[in-house]
Amino acid sequence: KRSMQSRLTGHETPLNGVVLDEIEFDIGYFLLPEILGETPPMKTRLVSKQTTEELFRKLARALDPEQVEARYGYLAEVQAVILMTSNFSEALRMSSESELVAYREFLEKLQLPRESTLIIKPHPRDGEEKIRELGRRLGAMFANVVLLMDQNLFFTPFEVFLIQTFLGENEQTPRNLKIITFSTACLSLPI
């Protein structure tokens, strides 16, 4: 058996001597089990979109709604761009300087409206100083920059913040909201 990464790159990548799809699982719970074009190597159960949404809405109610509203409620009323970072430099995939430059160059190419508010949602393993520096460097590109570094939100799944801040109790999709996200998985692919 070969791992998903080995199928993409052609190189075996063991995790402590065990390839991921060789680990025995009784069952896997998936929202999109065949998203990568193959069947998972274990029995699966589909998790419905409705169940997933209900779970995130319950988690959103667990946050103090008054505190989130007081601190971030205004964001639902402004033109917003959300940048979800990754921990490239902390994972030693690139230097911190290269990562900061890459974010800026990418956002410049998107030509986002200057009057937008940029909301930066850090990866849980991002360094605090790197995120603060990213906010400083991107500040001239936006009307306002908000760093989601609040202890109550830093490790909270982004979907919970999204529901709490941008969706009403009965809304299914947020208004015209730009969300930009990065993945370290893309750095494993041969170029």
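Reader: In which sense do strand 3 and strand 4 pair, and over how many bridges?

Author: Let me first state the basis. This is a predicted model, in which local features need pLDDT of at least 70, side-chain atom pairs count only at pLDDT 80 or more, and totals for chains, interfaces and linings use all residues. Residues are numbered from 1 along each chain as its sequence is written, and side-chain values use heavy atoms, with hydrogens and water left out. Helices (H or I, at least four residues) and strands (E, at least two) are DSSP runs, numbered from the N terminus. Two strands pair if DSSP finds at least two bridges between them. Here strand 3 and strand 4 pair in the parallel sense, over five bridges. Within this pairing, Ala 80 stands opposite Thr 117 of strand 4.

Reader: How many residues of strand 3 are buried?

Author: A residue is buried under 20% relative accessible area, exposed over 50%, and partly exposed in between (1.4 Å probe, protein chains only). Strand 3, residues 80-84, is mostly covered, with four of its five residues buried. Across the chain of 191 residues, buried ones make up 34%.

Reader: How many helices and strands does the chain have?

Author: The chain has seven helices and six strands. Read from the N terminus, their order is α-β-β-α-α-β-α-β-α-β-α-α-β.

Reader: At what angle do the axes of helix 3 and helix 7 cross?

Author: Two packed helices are described by the angle between their axes and the distance between the axes. Axes are lines fitted to C-alpha atoms, for helices over the stretch in contact, and angles run from 0 to 180 degrees between N-to-C directions. The axes of helix 3 (residues 65-72) and helix 7 (residues 158-166) cross at roughly 75° and come within 10 Å. Helix 3 is therefore roughly perpendicular to helix 7, a term for angles of 65 to 115 degrees (under 35 is roughly parallel, over 145 roughly antiparallel, and the rest oblique). Contact means heavy atoms within 4.5 Å. Helix 3 contributes Pro 65, Val 68 and Tyr 72 to this contact, and helix 7 contributes Phe 161, Gln 164 and Thr 165.

Reader: Where does Pro 124 lie, and is Pro 124 buried or partly exposed?

Author: Pro 124 lies in the loop between strand 4 (117-121) and helix 5 (128-138). Its relative accessible area is 38%, so Pro 124 is partly exposed. Leaving aside neighbours within four places in sequence, Pro 124 is in contact with Phe 154 and Phe 155.
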